[in-house]
Number of protein chains: 2
Amino acid sequence: MAFSERIARLKSSLIREILAAAQRPEVMSFAGGLPAEPMLPRVEWADMPASMGQYGMSEGEPALREAIAAEARKLGVPCEASQVLIVSGSQQTLDLASKLFIDPGTEVLLEAPTYLAALQAFQLFGADCLTVPLGAEGPDVAALRQRLETSKPAFAYLIPTFQNPSGVRYSEERRDEVAAILDEFGVTLIEDEPYRELVFDAGAATPLVSRLKKASWIYTGTVSKTLLPGLRVGFLIATPDLFPHLLRLKQSADLHTNRIGQWQALQWFGTEAYSGHLAELRDFYRIRRDAMQVQLEQHFGDLAEWNVPQGGLFFWLTLKHKIDTRSLLDQALKQNVAFMPGEPFFTDPDANPGHLRLNFSHVAPERLGEGLRRLAAVIREAQAAQAA
Amino acid sequence: MAFSERIARLKSSLIREILAAAQRPEVMSFAGGLPAEPMLPRVEWADMPASMGQYGMSEGEPALREAIAAEARKLGVPCEASQVLIVSGSQQTLDLASKLFIDPGTEVLLEAPTYLAALQAFQLFGADCLTVPLGAEGPDVAALRQRLETSKPAFAYLIPTFQNPSGVRYSEERRDEVAAILDEFGVTLIEDEPYRELVFDAGAATPLVSRLKKASWIYTGTVSKTLLPGLRVGFLIATPDLFPHLLRLKQSADLHTNRIGQWQALQWFGTEAYSGHLAELRDFYRIRRDAMQVQLEQHFGDLAEWNVPQGGLFFWLTLKHKIDTRSLLDQALKQNVAFMPGEPFFTDPDANPGHLRLNFSHVAPERLGEGLRRLAAVIREAQAAQAA
């Protein structure tokens with residue numbers, strides 16, 4: 001069987017394999033980014049017009065595009081509805097952007113660490129993934145400048161607001177600096193913002209794309225973290241030089257996004273009900289974040305270091321004694337605990353051992369302490385074995 | 001702006017542009033493959049579990065995979081549910097198969113004419129598209145054999161049942177012959193069957209994949225033509241050597257297909273209500289097909305030749321005096337008539353002038369005669385101008 005050369009680069013989604021292994025109800029899963037079941041809003045379908053069953057436009061439902069553009073403009077993103085493309089979940093934006101920009105060997109610029117599924121999508125298409133280190137305030141600006149002085153990446157893929165996996169929210173100053181550098185070097189920005197609305201501690205953070213003066217950009221969002229992931233409705237907003245190509249790539253990928261999910265999303269965008277739901281969601285997750293912090297201090301205080309995330313869905317732990325956390329997975333699952341090893345979030349996993357990404361939205365609070373206690377024990381045991 | 005090299009091969013979807021132009025209610029559209037609005041079934045959502053809002057499995061809903069495998073086995077397709085992948089409409093299967101098999105320059109084998117959107121998807125990934133001519137009984141077997149004696153295509157993409165655009169249903173004998181040749185040369189088959197259930201005149205036509213003894217295969221179907229295209233739910237069934245790769249490509253493309261559409265599809269698969277709906281659909285479309293045939297004889301009898309399609313959604317006309325039918329589009333749209341030119345269904349459009357694909361499912365019967373009368377007049381006028 002002769003497959004395409006890209007199949008040699010096709011990796012399984014580790015996170016989805018862990019999620020599959022964590023399906024057993026007794027497993028306490030810190031692995032995924034799943035919304036908490038009790039916070040999935042009740043939705044109504046009774047008023048959906050029958051016409052939503054027919055084929056639709058590749059661009060997406062016009063009213064939904066208008067609503068998304070209006071919300072984006074409130075954030076300072078300069079855009080019209082004609083720049084909005086509805087996609088089948090944010091993951092599809094990564095696929096479309098890969099098709100638009102990446103040939104084998106094309107350089108792209110990422111944060112280190114970065115979103116695993118983005119890394120895999122870009123690598124599938126053959127990208128040469130350059131990185132800049134991410135600190136507590138955002139990317140290392142000197143390293144970014146140095147990268148761009150010696151390379152000409154097709155785009156920079158950044159997650160400035162509650163970055164996955166690190167939880168970092170770029171500071172205001174760093175946002176300005178990064179935008180200015182991208183403008184200076186004329187690098188296209190893909191700004192991924194699934195977590196913007198999941199903010200627990202106030203703080204200004206207007207999108208990078210609103211600060212760009214010259215560079216082209218794609219801004220991408222989703223309803224998966226705030227409404228219902230099962231709808232598979234996301235969106236991208238793109239500068240007019242990119243939009244027509246992305247639209248044609250969308251046509252070729254799946255004709256258009258399912259209209260029933262689009263209709264449901266439209267019932268929420270810009271409504272008071274949505275604002276109310278988001279407020280409830282923030283309160284709910286803030287409590288879970290705080291509970292996680294308490295338990296982490298108890299069980300991981302001597303094992304790891306971390307910053308308290310001000311939004312998003314994850315804690316990012318750095319072990320004091322580095323160990324390849326992928327080697328902990330089997331033992332943790334035997335203890336009915338799932339987590340996400342940190343290594344795969346780097347382009348060079350073996351050179352970056354000792355991080356764990358822990359989700360705090362999914363495990364019920366009454367099981368949280370027990371889950372973290374077991375996970376800490378697995379780590380301690382492995383470190384002891386390594387030291388012996 | 002540096003795009004990937006594939007963007008130079010990215011064509012707009014002519015059919016979707018025509019559909020966009022044909023949105024005005026006064027346009028009589030023979031262009032698309034849209035189901036008739038009155039035949040979109042009424043669907044209920046009240047019983048859908050809230051859990052369908054959560055993330056799901058990349059493979060698709062287990063119960064839906066079981067139901068699809070059971071239906072496929074009834075057709076003679078040897079398969080288990082583990083071989084079924086739910087996709088976001090059949091178009092996605094073309095994208096996934098392209099990713100699996102096609103590098104720039106990879107040879108693939110198609111019918112001439114073939115499905116336009118498949119051709120475009122394969123060409124986007126850089127395929128070198130070989131063709132075999134399609135006759136009233138199926139592909140020219142001698143030409144197929146000759147092709148395979150000199151080339152080693154990564155796959156053959158065939159639509160044996162009510163082919164789009166030609167309406168051809170391969171004969172039983174031809175099905176056996178084609179399957180035997182694919183086995184002999186070890187060529188992977190992609191069998192696309194969106195129209196199987198839209199059969200108006202009885203006739204045996206078990207799938208090609210059920211006749212294969214050695215070759216790998218992907219069998220692909222959809223609920224878009226029989227239930228609701230707006231759900232964007234299709235499926236593929238693949239041999240075990242191909243399935244794991246397709247699953248990973250699906251993960252990377254959009255994580256999973258929307259669950260609300262999958263749940264709705266599951267309410268229908270294998271039920272009496274679905275059988276009843278399909279019977280109604282066949283009766284409804286048969287009447288429209290027959291009405292179209294009457295009007296075609298009246299308005300196109302001297303202009304074109306065609307076979308009466310025994311299923312599917314299209315008549316395929318061959319003009320007696322060849323003319324590039326793409327040149328007719330603007331004038332037809334001015335007359336408020338839309339149709340699909342035949343040239344783009346060929347790998348070499350300029351060498352294949354003089355075909356029209358006319359959909360019979362969408363235009364209301366009372367406007368049918370007028371629409372065809374206007375279209376015939378546009379053709380006559382263009383032919384007269386050409387002769388002058």
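Modeller: One term before we start: contact means heavy atoms within 4.5 Å. Also, this is a predicted model.

Biologist: OK. Which domains does the assignment give for chain A?
Modeller: Domain 1 covers 5-40 + 274-387, and domain 2 covers 50-271.

Biologist: How many residues of each are in contact?
Modeller: 34 residues of domain 1 of chain A touch 36 residues of domain 2 of chain A. The two domains bury about 3200 Å² between them, with 61% of that on carbon and sulfur atoms. A:Tyr274, A:Gln310 and A:Phe345 supply 23% of the area domain 1 buries against domain 2, more than any other three residues.

Biologist: How many salt bridges between the domains?
Modeller: The count is 2. Separately, 16 residue pairs are in polar contact across the interface, both residues at pLDDT 80 or more. On the side of domain 1 that touches domain 2, the largest share comes from H9(A), with 9 residues.

Biologist: Where does H9 lie?
Modeller: Helix H9 of chain A, residues 272-300, lies across S10, S11 and S14 of chain A, at about 15° to S11(A).

Biologist: And what is the strand order in that open sheet?
Modeller: The order is S10-S11-S14-S13 in chain A, with antiparallel pairing. S10 (304-305) and S13 (340-341) of chain A are at the edges with a single partner strand each, so one side of each has no neighbour in the sheet.

Biologist: How many bridges join S11 to S14?
Modeller: 5 bridges join S11 (314-319) and S14 (355-359) of chain A. A:Thr318 stands opposite A:His355 in S14(A).

How values were computed
Residues are numbered from 1 along each chain as its sequence is written. Chains are lettered from A and ligands numbered from 1 in the order in which they are written. This is a predicted model: local features need pLDDT of at least 70, side-chain atom pairs count only at pLDDT 80 or more; totals for chains, interfaces and linings use all residues. Side-chain values use heavy atoms; hydrogens and water are left out. Two strands pair if DSSP finds at least two bridges between them. Helices (H or I, at least four residues) and strands (E, at least two) are DSSP runs, numbered from the N terminus. Axes are lines fitted to C-alpha atoms, for helices over the stretch in contact, and angles run from 0 to 180 degrees between N-to-C directions. Domain bounds come from an automatic or database domain assignment. Buried area is the accessible area (1.4 Å probe) that two parts lose on being put together, summed over both. A salt bridge is a side-chain nitrogen of Lys or Arg within 4 Å of a carboxyl oxygen of Asp or Glu. A polar contact is a pair of N or O atoms within 3.5 Å; within protein, one must be able to donate a hydrogen and the other to accept it, and residues adjacent in sequence count only if both atoms are side-chain atoms.
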